[in-house]
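Have a look at the model first.

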Amino acid sequence: MSVTVEFPQLGESVLEGTVARWLVQEGERVKRDQPLVEVTTDKVDAEIPSPEAGVVEKILVAEGETVTVGTALARIAEGAAADEAAERPAKPKAAPRDAQPEKPAAKASRPKEGAKTEASVAQAKEVRATPVARRMAAEEGVDLGGVAATGPGGRVAKADVERARSAPAARSAAEKPASGAGETRAVAASLPAGGKRPPYLNYQIQPGDELIPMTPLRRIVAEHMVLSKQISPHVGTVAEVDLHGIVKLRDANKRSFQKQHGFNLTYLPFVVSATVRALREFPRLNASVLEDAIVEKKAIHVGVAVETEKGLVVPVIRDADRLSLVGIAEAIEDLSARARSKQLSPDDLRGGTFTVSNPGRYGNLYGFAIINQPQVGILRMGEIVKRPVVREIDGEDAIVVRPVMHLALSYDHRAVDGAPANAFLHAVRAQLEEAAFEL
């Protein structure tokens, strides 16, 4: 009996990835959960483990090949089939398709109509590139020898070819004079599928402009954001939060916390903890819309936006309602570190039920984030600044200086009305201002 190892869903918006390196070879015995292959996507790099113990019967995808989610990568033989596979001579690890032996020069040099010269073909074959990049380069007439490679294993990737294809157009547009119509290149804004391009959406590239193609991750994020705005009627509400109590609590414990746990205590765990408490009280914000129904989820899995070299990822704190403040802080530290070192697993990016976005020290006053589908709410933190506020002290109103932060809630009006949304945000604010957290 054989078990098929498939390319998994590495994040909710990841549709394809590249096989970077095989860690085993055909005929090799493997244990359950032993890493088989390293894969890379636009969001995360990961190792795919073996689903069962057995023998690697067949490697189906070569290193450097880009495949879609669900593609069979290998077969693992179990039981008697494993013994049979182990007796076969071991084969070397799968090599990239572009590293296979070249055809005899006589065959490779026979020119076809519209083909490149013999020298250019030979040069292209020497360049290490993914199959998708090689095919795109051939279709677009891009010389792979002049393309800077940023893909896995030093290979030319699809994004590299796109950059090389666009750069000459941008340079030629910048070099042309701006004196006449039609001498600059028109670039249209993104439109829905089948949409007609009105003239006012065109931009004529001017001298000195730089054309920067979107990276695959940027395109995925863009598509997801447009889709979210099309699906969900976004509504926003803002709360001003006095963090006087939180600041005092953190200042009193940050040194001992650092010494005990080995990392700094930030304000994000306090906001996540307060959010979790409010989600218990207002489950409508911990929900999804399923066509003509709304599902309120029992589990509370909070996504926390993290900026990485590849862009924004949202790893998930699972069962956040079962964690203490310290547990939430440890989970955030672990997920953030693994996100930046490209060590997140597929499960780390799946199943979030609500998201908290922290733009960091320079978050400005506040901003409304776009909902992470299929959730119905996202809470964005603003920057913490000292402001004069009016407080009642000893029965008298007084102007005092307090650390203040604005929290902005974006919610899906299909599932959530204004009253519960505002009550939820008020509950988050009340939790933070009460500052009843244990460290």
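Where is A435 found? A435 sits in the segment after α10 (418-434). This is a predicted model, so local features need pLDDT of at least 70 and side-chain atom pairs count only at pLDDT 80 or more, while totals for chains, interfaces and linings use all residues. Residues are numbered from 1 along each chain as its sequence is written, and side-chain values use heavy atoms, with hydrogens and water left out. Helices (H or I, at least four residues) and strands (E, at least two) are DSSP runs, numbered from the N terminus.

- A435 has a positive phi, near 55°, and is a residue other than glycine.
- A435 is buried, with a relative accessible area of 16% (buried means under 20% relative accessible area, exposed over 50%, partly exposed in between, with a 1.4 Å probe and protein chains only).
- E291 isn't a glycine either, yet its phi is positive at about 55°.
- You'll find E291 in the loop between β12 (287-290) and β13 (293-296), and E291 is exposed, with a relative accessible area of 80%.
- The Q373 to P374 peptide bond is cis, with omega near 5°.
- P374 belongs to the loop between β18 (354-357) and β19 (377-381).

**The α8 and α9 pair**

- The axes of α8 (residues 268-281) and α9 (residues 325-340) come within 9 Å and cross at roughly 120°; axes are lines fitted to C-alpha atoms, for helices over the stretch in contact, and angles run from 0 to 180 degrees between N-to-C directions.
- That makes α8 and α9 oblique to each other (under 35 degrees is roughly parallel, over 145 roughly antiparallel, 65 to 115 roughly perpendicular and the rest oblique).
- On the α8 side, L268, P269, F270, V272 and S273 meet L325, I328, A329 and I332 of α9, where contact means heavy atoms within 4.5 Å.
- The residues of this contact split into eight nonpolar, one polar and no charged (Ala, Val, Leu, Ile, Met, Phe, Trp, Tyr, Cys and Pro count as nonpolar, Asp, Glu, Lys and Arg as charged, and the others, Gly among them, as polar).

**Aromatic rings**

- The structure holds four aromatic pairs, meaning rings of Phe, Tyr and Trp (its six-membered ring) with centres within 6.5 Å; planes under 30 degrees apart are stacked, over 60 edge-to-face and the rest tilted.
- One of them is F257 with F263: the ring centres are 5.3 Å apart and the planes lie at 85°, so this pair is edge-to-face.
- F257 is buried at 4% relative accessible area, and F263 is buried too, at 11%.
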